[in-house]
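Please read this briefing alongside the sequence and the coordinates. It takes up the domains, the ligand site and a handful of individual residues in turn.

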Amino acid sequence: MIVGIDLGTTHSLVGTYGAQGPVLYPNALGDFLTPSVISIDDDGHIIVGQAARDRLVSHPEASVATFKRWMGTPRETRLGQQNFRPEELSALILRSLVADAEAATGKKITEAVISVPAYFSDAQRKATRAAGQLAGLRVERLINEPTAAALAYGLQEKHDGARFLVFDLGGGTFDVSVLEMFDGVVEVHASAGDNFLGGEDFLDVMEAAFCADEKISVGALSPQEHGQLRRRLELAKRELGANGSTGIEWRLGDRSIAWRIDEERFAKLSESLVQRMRAPLERAMRDARLQPAQLDEIILVGGASRMPLVARLVSRMFGRLPLRHVNPDQAIALGACVAAGLKARDERLDEVILTDVCPYTLGTKVSRRDEGGKEQTGFFAPIIHRNSTVPVSREEVFQPMRDNQTKLTLEIYQGENPMVERNIKLGELDIPLPPHRSMADNAVKLRFTYDINGVLQVEATLMASQQRYELVLEQNPGLLDPADIRARLEALDGIKIHPRSKQENVAMMARAERLYEEYVVARTQLQQWIANFRSVLESQDEHLIREHRRQFGEALDSLEASV
Ligand code: ADP
Ligand code: MG
């Protein structure tokens with residue numbers, strides 16, 4: 001059985017393709033969405049998901065979130081006594097999702113399809129595969145998130161030539177992709193986005209409005225107070241979309257604050273964020289060479305696409321209403337499950353072939369002579385253009401700049417700037433040239449092959465001798481090599497993780513500790529409840545624990561509602 005996984009910046013989900021189509025599995029707390037947050041407790045046990053998110057407030061130094069942004073970089077996070085790379089943090093999320101899938105199915109899970117943003121670079125894709133390995137998974141395929149969203153909408157069953165735009169607004173990222181159906185094939189034609197625009201920015205807007213109205217400076221709030229405010233504003237933001245207006249009630253020190261905002265004001269305050277969404281939408285349409293009228297469907301995915309201002313923007317720009325009937329939090333995960341079914345050769349999906357695009361332009365560094373014959377160096381010569389359908393293989397012939405040159409250094413870059421210094425260097429390859437030859441005799445054919453897994457192979461052939469050189473990319477400092485992965489796997493296997501059966505207790509305790517941090521007035525009461533719950537846990541009487549936990553949860557609910 002292959003599982004489909006949406007490994008999101010904010011939330012992650014897991015499921016598979018069953019007899020009735022894609023199905024998602026709930027985590028130990030009964031939720032389909034597992035917050036992508038990791039924390040470590042005083043005993044060195046790893047905590048994943050909602051409990052870890054609660055601990056972001058009560059134990060910020062032992063907790064970490066949004067590490068998907070660091071995938072493909074060597075950045076390490078210290079939690080307790082250990083350092084974790086982004087792949088390892090992601091692997092801990094994957095392990096938790098796999099445990100949920102195993103609990104639901106009773107089967108051992110070893111294979112997965114994982115979704116990644118269409119803009120993920122080669123290094124970020126490799127890091128995602130490494131995370132899978134570290135979680136004991138064979139990553140059968142990485143699927144681009146928009147392609148997954150399209151599969152969730154069943155777009156592979158649409159008529160030939162149908163075109164779709166996928167609009168994905170998550171917690172911290174915005175991605176736009178244009179897809180096309182051709183001969184039963186879903187192709188990604190173009191993708192664009194903003195890596196620093198998402199639901200969190202809209203929360204910032206709301207916070208700024210609140211603070212201005214109530215004359216509060218965020219800097220003057222303690223981290224706990226700030227966490228308290230953010231959580232209230234987050235609930236309010238969600239209610240705003242559903243009800244047209246919303247408010248929060250909050251006790252700050254001895255102040256009692258009641259604040260309200262309506263959709264109209266929120267939309268006005270969010271205008272500059274809404275404007276920022278236009279550029280990627282326009283760029284994706286331009287890259288795909290499409291006019292709005294040529295789109296068959298527009299799909300909204302990502303939790304933040306629920307905001308009414310998103311549907312309004314899309315309707316204004318494209319002159320029609322977008323589709324959003326598949327739960328926008330779940331669409332990508334459901335699509336990853338469809339892809340998992342496809343991979344397992346489920347017959348109903350047999351004829352569908354998926355293709356993706358290369359998210360960046362790939363090329364090499366060249367020199368040019370100006371009109372006066374003076375050599376200028378540092379130019380980027382693209383070989384594979386952004387948004388080419390993959391797998392793709394392209395070649396170009398280059399000559400050395402001078403006769404009698406004895407070495408040619410090929411530098412490989414990715415990016416969209418005409419000058420290489422503004423692009424990202426991927427590696428370089430030295431080609432020894434035979435001496436005493438003219439430039440033309442030393443011509444080199446350079447072939448770039450970019451495959452469906454985002455792997456770039458560079459082949460250089462000296463035309464005269466047919467001598468071939470292949471690029472072994474210099475080890476990317478952002479990536480682990482196989483030996484590192486084996487070593488890290490052993491280290492991770494040594495880490496203690498709370499067993500799934502205990503997670504509800506861990507989550508309850510984490511929530512109580514967060515509330516203890518937040519509600520100074522209720523501290524004595526909370527401490528008493530925590531002490532009671534501890535004693536019940538020590539009894540190891542599962543029936544008693546379950547009953548007590550339910551009551552404890554209700555008490556915390558009413559505390560949170562009342563203060
Ligand atoms: P990611 O892909 O980054 O993991 P998600 O698709 O889970 O993110 O989206 C998370 C974002 O969606 C958060 O910023 C959250 O505030 C926002 N969100 C979720 N539900 C709603 C809602 N009903 N209204 C507005 N925003 C929402
Ligand atoms: Mg997402």
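The protein chain is divided into domain 1 (2-198 + 272-357), domain 2 (361-473) and domain 3 (500-562), with bounds that come from an automatic or database domain assignment. Taken over C-alpha atoms, the centres of domain 1 and domain 2 lie 34 Å apart. This is a predicted model, in which local features need pLDDT of at least 70 and side-chain atom pairs count only at pLDDT 80 or more, while totals for chains, interfaces and linings use all residues. Residues are numbered from 1 along each chain as its sequence is written, chains are lettered from A and ligands numbered from 1 in the order in which they are written, and side-chain values use heavy atoms, with hydrogens and water left out.

**Ligand site**

- The shell around ligand 1 holds 16 residues, of which Thr10, His11, Glu234, Lys237 and Gly303 are the closest; a residue counts as near the ligand if one of its heavy atoms lies within 4 Å of it.
- By residue class, this shell divides into two nonpolar, nine polar and five charged residues, where Ala, Val, Leu, Ile, Met, Phe, Trp, Tyr, Cys and Pro count as nonpolar, Asp, Glu, Lys and Arg as charged, and the others, Gly among them, as polar.
- The largest share of the shell, three residues, is supplied by α6; helices (H or I, at least four residues) and strands (E, at least two) are DSSP runs, numbered from the N terminus.
- Among the polar contacts, which are pairs of N or O atoms within 3.5 Å (within protein, one must be able to donate a hydrogen and the other to accept it, and residues adjacent in sequence count only if both atoms are side-chain atoms), a polar side-chain atom of Thr10 lies 2.7 Å from an oxygen atom of ligand 1.
- An oxygen atom of ligand 1 also lies 3.0 Å from a backbone N or O atom of Ala304, and a nitrogen atom of the ligand is 3.3 Å from an N or O atom in the side chain of Arg306.
- Taken alone, ligand 1 exposes 580 Å², and the protein buries 90% of that; accessible areas come from the Shrake-Rupley method with a 1.4 Å probe, and for residues only the protein chains shown count as cover.
- The elements that give two or more residues to this shell are α5 (199-214) and α6 (223-243).

**Buried residues in helices**

- Gly199 lies in helix α5 and is buried, with a relative accessible area of 5%, where buried means under 20%, exposed over 50% and partly exposed in between (1.4 Å probe, protein chains only).
- Not counting residues up to four places away in sequence, Gly199 touches Gly170, Gly171, Gly172, Lys237 and Ala304, contact meaning heavy atoms within 4.5 Å.
- Gly199 and Glu234 are 35 residues apart in sequence, and their C-alpha atoms are 9.5 Å apart in space.
- Asp54, in helix α1 (residues 50-58), is buried at a relative accessible area of 4%, and beyond its neighbours within four places in sequence Asp54 is in contact with Arg231, Ala507, Ala510, Arg511 and Arg514.

- Thr364 is found in strand β20 (residues 362-369) and is buried, with a relative accessible area of 1%.
- Gly378 has its place in strand β21 (residues 375-384) and is buried, with a relative accessible area of 12%; leaving aside neighbours within four places in sequence, Gly378 is in contact with Lys365, Val366, Pro418, Met419 and Val420.

**Positive phi in loops**

- Arg289 has a positive phi of about 55° although it is not a glycine; Arg289 sits in the loop between α8 (271-287) and β17 (297-301) and counts as exposed, at 72% relative accessibility.
- Gln540, likewise not a glycine, has a positive phi of about 55°; Gln540 lies in the loop between α13 (523-539) and α14 (542-562) and is exposed at 67% relative accessibility.
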